[in-house]
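Open the model in your viewer and keep the selection tool at hand. We will go from stop to stop, and each stop says what to select.

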Amino acid sequence: MEFMYGAYSVVWLVIFGYMLLIGKRHSSLKKDIEFLKQLDK
Amino acid sequence: MSMNLEREKASFEVADWAPIKISLLTKILYGGMVVTMLAAFYFIFLYAEIEKTMGAVQKIFYMHVPSAWVAFLAFFVTFVFSILFLIKRKRIYDTYAYVSAEIGVVFTIIVLTTGPIWAKSSWNTWWAWEPRLTTTLILFFLFVAYLMVRQMDGVWDKKARLAAVFGIIGFADVPIVFFAIRWWQSKFHPIVFGDGPSQQGGGIAPSMLVALLVTITAFTFLYAYLLHKGVSFENMKLKVDQYKEKLRERLEN
Amino acid sequence: MIEIKKLTKQADNKLILRGVDLSIKQGETVAILGPNGAGKSTLLKVLATLIKPTSGHVKINGLNLKKDHIKVKKLFGYLPHSSLLYDHYTPLENLLFFGELYGVKDVENRARQLVKEVGLSFFINEPVKNFSRGMIQRIAIARAIIHEPKIMLLDEPHTGLDQGAITILNNVVLSMKEKGCTTLMVTHDFKQAAEICDRIIIVKNGKIADDFSINNKSLGLVSEKYEALVEGVL
Amino acid sequence: MFRAALTIAKKDIYSELRTKQVLGTMIIFAGLVILVLSFAFDPANNTTKAVIPGAVWIIIVFSGILGLNRSLVSEQRNDTMHGLLVAPMEASSIYLGKFMANFSMILIVEIVAVPFLFLLFDFKVNGSILYFILVLFVGSFGFIAIGTFLAALASNSKSSEMLLPLLLFPMTSPVLIGVTQATKIILTNMEKLPSAIAWLQLVAAYDVIFFVLCFLLIEYVLEV
């Protein structure tokens, strides 16, 4: 039984880790956009 | 557990991606993913019967097989878009190939971690040099190498071209790898552990099959959602880069 | 001889060439001038089949650059900034190798004669790696004309050369011109451009900004026009 | 096309004979691998004989990768690759020429290193030498064919010597599995010859498929 919990937590850890990575990329891009907006003014 | 995670994802979603316009397709894919994922959990834990010999551990199967399916699908998509890129040389094809390969590697990691956990629980050994697992491992190395080709320095069209070429020969290699490994195993080590983790097709109960199919649908939606998200992100990045370039030009003149 | 229509080249979201139309007749000696990053070298590399254009047509001697690339490649001699020579080979071996690739008849004699022409007979059996920049450039010139090309593509040929090498290079270009050879050169050196060329093209921001003929080696006219076009805007 | 390829191969081999840099390094490296193997597996022990067929391929793969990387990176000095690209021939001629040069180089390394290995480990061949040579030939062919192609691909990177093994090893895994199995059978247990021949057929099929594929795709790799 603990094996099953282990496996399921690993699966979701990997998927959410990946989503977190995408989120991080997004926020750095967002910062870039903000910076550009400032520069544009 | 699963419910919590879903909600977490939803809040994360709104907070971070609010400034980006959410298209209809995104909504459909996201909705489809959430619904099928919840359904999948219902089918896995409540509907499907518990396997007699392995017990609840057998439920790893519902994560392992769909991940493998998504990984192969993702690499196949990379292969197709690589060919398209070499013919048409449109940047969008390259973006699709890249994002798909990245998702493929993520799901390969899932296959390669759940596989050994299952192996440990049912055969009491972490790793078996079993054809499917070994092929997945080689596939993992191949596409990590693909991502490394993309990390090279240089202009994008060169990197895209080289990566596309590598994507094509890498995927063409997969059937030969699988064949070679299966042969190697069957000739020299009789397969001790039955048919390997992902080959349960023989004695599967109908309720299990239903649960498996639902999970595969859910994972495919997850893949489509991630792909769409990744591609729109890459396009966004491109636009920002273009904008920067324009600003730079204006500052120079 | 050379027909270019609506040629564009894009790299990394940046348009390097933005629609170049150009036609060059046989026997012309054309200098391409322009500021850094204007797309001069890219234009030359597209003609040399090294870079594939994003869109547009190029015809050389009526041959399509893409389809008949082998025939086209035989027509031109390409002399870029780097020497394209193998360091541990002697001048003779280098010329023999490239001559064989181009299918030159009687390679050995042709190579020896060329080495003599560029004034390096004494060094014919020394490895190229011990040579100075000027000497290497002379061998590079010999390498570019080993197959008696109809078109010469030169990328900043005068940079880093001593006076002797410049004279040899100019003589080669002029004697090739007498044989009816077309020359295209990208350069920063107005003096040399005015010296040997009869047509000047000024490229700016990936477009042709001016295109005029000169005679009497009038350096004044060239720099006047160039300043008006390029520096006047700044 | 073949003539141009031959010219390039001749040029590469001739320049190698002049500098003796790559070939010398490859052979010395092969010797060092044998030395390390003798530390890892006691040569006096009889069970060590079982790893010799695999050791043959460890030597070939590791010394081969040195030469492969070198052969394409060396064309970047003075941009000689551009010189080849503007010459009147197909890009595949360049590939073919490079392949022939690398292949003859690895054959020389094998001729020197393999007898040396057998000698030092006092290995007695209980099988057919002729078949062994065939296996060496077919295996090296596949390894060098795909290796030359991937070296051309990796040479665009600044750290090509690090990138090349990462690309090459997973890609050639079918060849490596096939030839090590075939070598093991041929050197120790000739009764199973049919299965060794089956392995050889698999590797030969791989050779053909990838040689054709590399031939078609090399144009996209060499483009500037």
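**Before you start**

This is a predicted model: local features need pLDDT of at least 70, side-chain atom pairs count only at pLDDT 80 or more, and totals for chains, interfaces and linings use all residues. Residues are numbered from 1 along each chain as its sequence is written, chains are lettered from A and ligands numbered from 1 in the order in which they are written, and side-chain values use heavy atoms, with hydrogens and water left out.

**Stop 1: chains A and B**

Select chains A and B. Of the four pairs of chains in contact, this pair shares the most contacts. Contact means heavy atoms within 4.5 Å. On the chain B side, 42 residues take part, and they meet 27 residues of chain A.

How much area do chain B and chain A bury between them? About 3400 Å², with 81% of it on carbon and sulfur atoms. Buried area is the accessible area (1.4 Å probe) that two parts lose on being put together, summed over both.

Now show Asp32(A) and Lys244(B). Their side chains form a salt bridge, at 2.8 Å from N to O. The term needs a side-chain nitrogen of Lys or Arg within 4 Å of a carboxyl oxygen of Asp or Glu. Across this interface the rule finds two salt bridges.

Next, colour chain B by helix. Helices (H or I, at least four residues) and strands (E, at least two) are DSSP runs, numbered from the N terminus. Which helix of chain B gives the most? Helix 4 does, with twelve residues.

Colour that side of chain B by class. There are 31 nonpolar, three polar and eight charged residues. Here Ala, Val, Leu, Ile, Met, Phe, Trp, Tyr, Cys and Pro count as nonpolar, Asp, Glu, Lys and Arg as charged, and the others, Gly among them, as polar.

**Stop 2: chains B and C**

Six of its residues are in contact with nine residues of chain B. The buried area is about 610 Å², and carbon and sulfur atoms give 38% of it. Select Asp12(C), Asn13(C) and Lys14(C). They supply 72% of the area that chain C buries against chain B, more than any other three residues. The count of salt bridges between chain C and chain B is zero. The side of chain C that touches chain B has no nonpolar, two polar and four charged residues.

Chain A and chain C do not touch; their nearest C-alpha atoms are 18 Å apart.

**Stop 3**

Hide the rest. Chain C has eight helices and ten strands. Its C-alpha trace spans about 50 × 40 × 35 Å along its principal axes. Of its 234 residues, 55% are buried. Buried means under 20% relative accessible area, exposed over 50%, partly exposed in between (1.4 Å probe, protein chains only).

**Stop 4: two loop residues**

Select Arg89(B), in the loop between helix 3 and helix 4 of chain B. Its phi is near 55°, a positive value in a residue other than glycine. Arg89(B) is partly exposed, at 32% relative accessibility.

Finish at Asn78(D), in the loop between helix 3 (52-73) and helix 4 (80-86) of chain D. Asn78(D) is not a glycine, yet has a positive phi of about 55°. Its relative accessible area is 24%, which counts as partly exposed.
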